[in-house]
Amino acid sequence: MRDPDFLENKARQLRIDTLDMILKAGSGHVGGSFSIAELLVALYYDKMNLGKGASDPDRDRFVLSKGHANPILYAVLMDIGFAPKEAKDTLRRYGSPFQGHPDSTKCPGLDCSTGSLGQGLSIATGMALGLKKQGRPGHVYVITGDGELQEGICWEAFMAANAFKLDNLTVIIDRNRLQLSAPTEVTNPLDSIEDKLRSFNFAVDSIDGHDFEQIFGALDKKYEGKPHCIVANTIKGMGVSFMENGVKWHGALPAGDEIAEAYRELGASYGK
Amino acid sequence: MANKEATRFGFYEGLVELAKDHPEIYCLDADLAKTTGSVAFQKAFPERYIDVGIAEQNMVGISAGLSKVGLVPFCASMAVFVAGRAFEIIRNGVCYSRLNVKIVGSHGGITAAGDGGSHQCVEDIGIMRSLPNMTVLQPCDSNQARLIAKLAYEIKGPVYVRTSREPMENITSLDDKLEFGKVQVLSEGKDLCIIASGMMTCLAHQALEILKENGIKASLVNIHTIKPFDRDGVVAAVRKAGGRVLVCEESNMVCGLTEAVASSLVEEDGIRISHVAIEDRFGQSGATGELLEAYGITKENIAAKAMELCRR
């Protein structure tokens, strides 16, 4: 479904659901969830082949390597009927399928436990390799953070993806330019990610990660015999003006008047 | 097979045999095929063999991914690099989700002699034992290593198998029935119970002769399943030997078999316990024999410790 209104409404609703969940939980990662809203909508509501449902072994897979952004993934999984909607208020609670970081043994439809940065990318590489070895269909999509790329295992995985010519693997890098403590370029510079990935023999597209036309333009490209990397230039906290590009909104929650203002900017009322 | 062979080779002989009927079995290595023994699988099933290069963390991550799409990966490196360097990926990538991934750590202990302490792993047993959802296996000889390959496959979940570089005489048979999670009583004796694992079981077996010459009848219990630990089996074996127990392991006694046995016996009365183990220190370079002597990993030291225990 590529109707612009549908896509934009989905992204807006997912941000609202995410804020609901995180406020209820009292903690969670808003900024990095909001930066990937459009990417998740493009994947789960159009690009990915979800087959006959969560347990279909031949459907496409998604790995959220930046596992801390999971509230918005839970919002997707509930909306598409993979995860139970009644669990919405249980994020980070004891016994919840919605653990603080993704636990695939507890949450139906979640393709991989993540949270330890870099690990999801490595596992996704193994999934793509395993599917290819068995001659099975199924494309593997993975979203990593940009700060996450400071983990060495990411580059081990990039080398392997090239070595095994994994053209059934698409790595999307959420390039919001902020990590927990500071801008990435202050802590441990990553520019140019595009050049780095090209030198690892990836096919690289660099896009505006909030523009559906550009997202689909990149996702629709096919590269034979090469892994694909999409550098999605995004805004951390996208959708709520006072959160956008603010390093504090990695883990902080809106408080007081900020709450109503955040909902208002997302086109909703607090508590509705 | 040769009568004297290292478990690192026996294990892959067993796995190659098993893999003939199981196309889902894959082997991974990090550029150490000849070292770990996985070269045997590479030759037999090149299309199911994946060398990830010198990248142990990614090897474990890729193995986790393979298991997620229905394959059964066995990934190997020297114990210090896979159990050590890749620990957190084993924890969060494999054990946390209880994935069906087998980790093979070769050169457990100090017998990577010439390579020095950087390559000798005395901590892997302790590290792997501490992981929830993990099973830890260690064969005592190459015959048992063949059987352990099958056992590791049959367990649906994470397994760590520790193999050794040192060729030892086979003391077990390929016809043995390996009971998962149970102690294996190799000989009976009333004076003391020797509990050992890995190549230490072979050395302890040799020590039985020395003890016999000195009028001591020791039982010998082999621990092939280090986790889950057969607490009841240990208690029963130690009770039968009058409460005297000597634990023999080629790993750090801290968090190793010594502590596993000791913790099984804390509620028992009248226990006298001693150990032959690595005493919380790193290895170093040397000729194998010289090194084993220096660290007390010999049949003579086992016999001496046993006799000392019998005098207590």
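## Chain B overall

In chain B, buried residues account for 62% of the 312 residues. The model is a predicted one. Chain B holds 13 helices and 14 strands. Its radius of gyration is 19 Å, close to the 20 Å that the globule rule gives for 312 residues, so chain B is as compact as a globular protein of that length.

Along the principal axes, the C-alpha atoms of chain B fill a box of roughly 55 × 40 × 35 Å. Take the contacts in chain B with a separation of 6 or more. Of these, 79% join residues 24 or more positions apart.

## A buried valine in chain B

Is B:V234 buried or exposed? Its relative accessibility is 0%, so B:V234 counts as buried. The cut-off for buried is under 20%.

Which residues does B:V234 touch, leaving aside those up to four places away in sequence? They are B:V183, B:I195, B:I223, B:F229, B:V261, B:S264 and B:L265. B:R281 is 47 residues from B:V234 along the chain, and 27 Å separates the C-alpha atoms of the two.

## Where the chains meet

Chain B brings 22 residues to the contact, and chain A brings 26 residues. About 1900 Å² is buried between chain B and chain A. Carbon and sulfur atoms give 59% of that area. How many salt bridges are counted between chain B and chain A? The count is 0. Polar contacts do cross the interface of chain B and chain A: there are 11 residue pairs, with both residues at pLDDT 80 or more.

On chain B, three elements each supply at least two residues of the side that touches chain A: strand 3 (49-51), helix 4 (56-68) and helix 6 (87-95). Helix 4 of chain B gives the most, with 9 residues. By class, the side of chain B that touches chain A has 10 nonpolar, 7 polar and 5 charged residues.

## An enclosed helix in chain A

Chain A has its own helix 4, at residues 70-79. Of its 10 residues, 9 are buried, so this helix is largely enclosed by the rest of the structure. The buried residues are A:N70, A:P71, A:I72, A:L73, A:Y74, A:A75, A:V76, A:L77 and A:M78.

What do these buried residues pack against? Their partners in chain A are helix 1 (4-25), helix 2 (30-34), helix 3 (37-47) and strand 1 (61-64). Just after helix 4 of chain A comes A:G81, with a positive phi of about 85°.

## Salt bridges

Over all chains, the whole structure has 28 salt bridges. One of them pairs A:D220 with A:R2, with the closest N and O atoms 2.8 Å apart. This pair links distant parts of the chain. A:D220 lies in the loop between helix 9 (212-219) and strand 5 (228-233) of chain A, whereas A:R2 lies in the segment before helix 1. They are 218 residues apart. A:D220 has 34% relative accessibility, so it counts as partly exposed. A:R2, at 37%, counts as partly exposed.

A:D20 and A:K88 also form a salt bridge, at 2.8 Å from N to O. A:D20 is in helix 1 of chain A, and A:K88 is in the loop between helix 4 and helix 5 (119-133). That pair spans 68 residues and links distant parts of the chain. A:K88 counts as partly exposed, with 21% relative accessibility.

A:D220 meets another partner. The side chains of A:D220 and A:K47 form a salt bridge, again 2.8 Å from N to O. A:K47 is in helix 3 of chain A, while A:D220 is in the loop between helix 9 and strand 5, so the pair ties together parts that are 173 residues apart in sequence. A:K47 has 22% relative accessibility and counts as partly exposed.

Which residues do salt bridges with shared partners join into one network? A:D146, A:R175, A:R177, A:E185 and A:D191 make up that network.

Note on methods
Residues numbered from 1 in each chain as written. Chains lettered and ligands numbered in written order. Predicted model: local features only at pLDDT ≥ 70, side-chain atom pairs only at ≥ 80, totals over all residues. Heavy atoms only, no water. Contact = heavy atoms within 4.5 Å. Buried area = accessible area lost by both parts, 1.4 Å probe. Salt bridge = Lys/Arg side-chain N within 4 Å of Asp/Glu carboxyl O. Polar contact = N/O pair within 3.5 Å; in protein donor to acceptor, adjacent residues only side chain to side chain. Helix = DSSP H or I, 4+ residues; strand = E, 2+ residues; numbered from the N terminus. Nonpolar A, V, L, I, M, F, W, Y, C, P; charged D, E, K, R; others polar. Rg over C-alpha atoms; globule rule 2.2 N^0.38 Å. Buried < 20%, exposed > 50% of the residue type's maximum accessible area, 1.4 Å probe, protein only.
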